[in-house]
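Hi everyone, thanks for coming.

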Amino acid sequence: MKICTIVVSYNFEKWLHTCLPSLQNSSVKSTVLVIDNASSDNTCDIIIKDYPEVVLLQNHKNMGFGKANNLGMRYALDNKFDYVFLLNQDAWVEPDTIEKLIEASSQHPEFGIISPIHLNGSGEKLDFGFSNYTNLKNKEEALNLSDTITTCKFINAAAWLIPVPVVKKVGGFAAIFPHYGEDVNYSQRVRKQKLKTGFVKDAFVYHHREFREIDREKFFYSEYIYFLTEAVNPLYSPMKAFAYSVLAAKKKSLISLFSGKFNDCARYANIIFQITGKAFQIKETRKNSKKQNAPFL
């Protein structure tokens, strides 16, 4: 069983000595492929010196999460791996995490994406996003689930195990997404291929992202990404996709206008302009997203 663990890095130095050793200590060994997005710190020098077994691919510019992961998926396909395991640079696994994911995947081939339980960096709580996706309140509630693997519409791609046949069928991440949203779209495309997303109740990953702050700029960027994922959602008809993206953004713009929030109104109007400006790319993404044996988008 050949597993390719893909870590996309950008200024990875802060987490490097936590993330990579956790993979070295895994009960199931994998080829670790780090794809560096032109870090400005000492990431690459440290990997070359301290982790010579890691396959390091150095990009000359920041390609973003999706495109960089696509390079890793292509590497896994070309080298005939059985699984890819996508792991965020600010995340790390327990020794038996990958082993339990592989066991669950072999027993449940109907799952295209399998994830562990996402804990926060200290391990004391569930990751806030994971808790929202799954409606779980804490680690104990997860451990008490009756099934080993539980279906969920979406789990963020901080730790995804994907069988290579699924990668061949679904393709890579869609290039239309600059940063964020690509994992939501990928989950939609997995569902379009009649496959499931799920998490294993007794496998764990630690995701250290509590420090991230959300300001108004980040909020409106997340709104843009949300409406873009709706626009290209392959589970929607073209009319429904238009309604849930452009018309929904227009509704928020008008609500902001009538509430006297003129800056918010302008920001939502700009989102509409951005999305309509990508009409051709959206159409092509939707078309390719529905294909079996899809090209890398």
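Predicted model: local features only at pLDDT ≥ 70, side-chain atom pairs only at ≥ 80, totals over all residues.

Let's start with the rings. Searching the whole structure turns up 13 aromatic pairs. One of them joins Phe-65 and Phe-173, a tilted pair with 5.8 Å from centre to centre and 55 degrees between the planes. This pair links distant parts of the chain: Phe-65 belongs to helix 3, while Phe-173 lies in the loop between helix 7 and helix 8, 108 residues apart. Are these two buried or exposed? Both Phe-65 and Phe-173 are buried. They also share one aromatic cluster with Trp-160 and Tyr-186.

Now look at Tyr-133 and Phe-154, an edge-to-face pair with centres 4.9 Å apart and planes at 75 degrees. Here Tyr-133 sits in helix 5, and Phe-154 in the loop between strand 7 and strand 8. Phe-154 counts as buried because its relative accessible area is 15%, under the 20% cut-off. Tyr-133, at 29%, is partly exposed.

Next, the charges. Lys-139 has its charged end over the ring of Phe-204, 4.6 Å from the centre. Arg-209 does likewise with Phe-128, at 4.4 Å.

Finally, the backbone. Most residues other than glycine have a negative phi. Ala-38, though not a glycine, has a positive phi of about 60 degrees. You'll find Ala-38 in the loop between strand 2 and helix 2. Lys-194 also has a positive phi, near 65 degrees, and lies in the loop between helix 8 and strand 9.

Notes. Residues numbered from 1 in each chain as written. Heavy atoms only, no water. Helix = DSSP H or I, 4+ residues; strand = E, 2+ residues; numbered from the N terminus. Phe/Tyr/Trp six-rings, centres within 6.5 Å; stacked < 30°, edge-to-face > 60°. Buried < 20%, exposed > 50% of the residue type's maximum accessible area, 1.4 Å probe, protein only. Lys NZ or Arg CZ within 6 Å of the ring centre and 35° of its normal.
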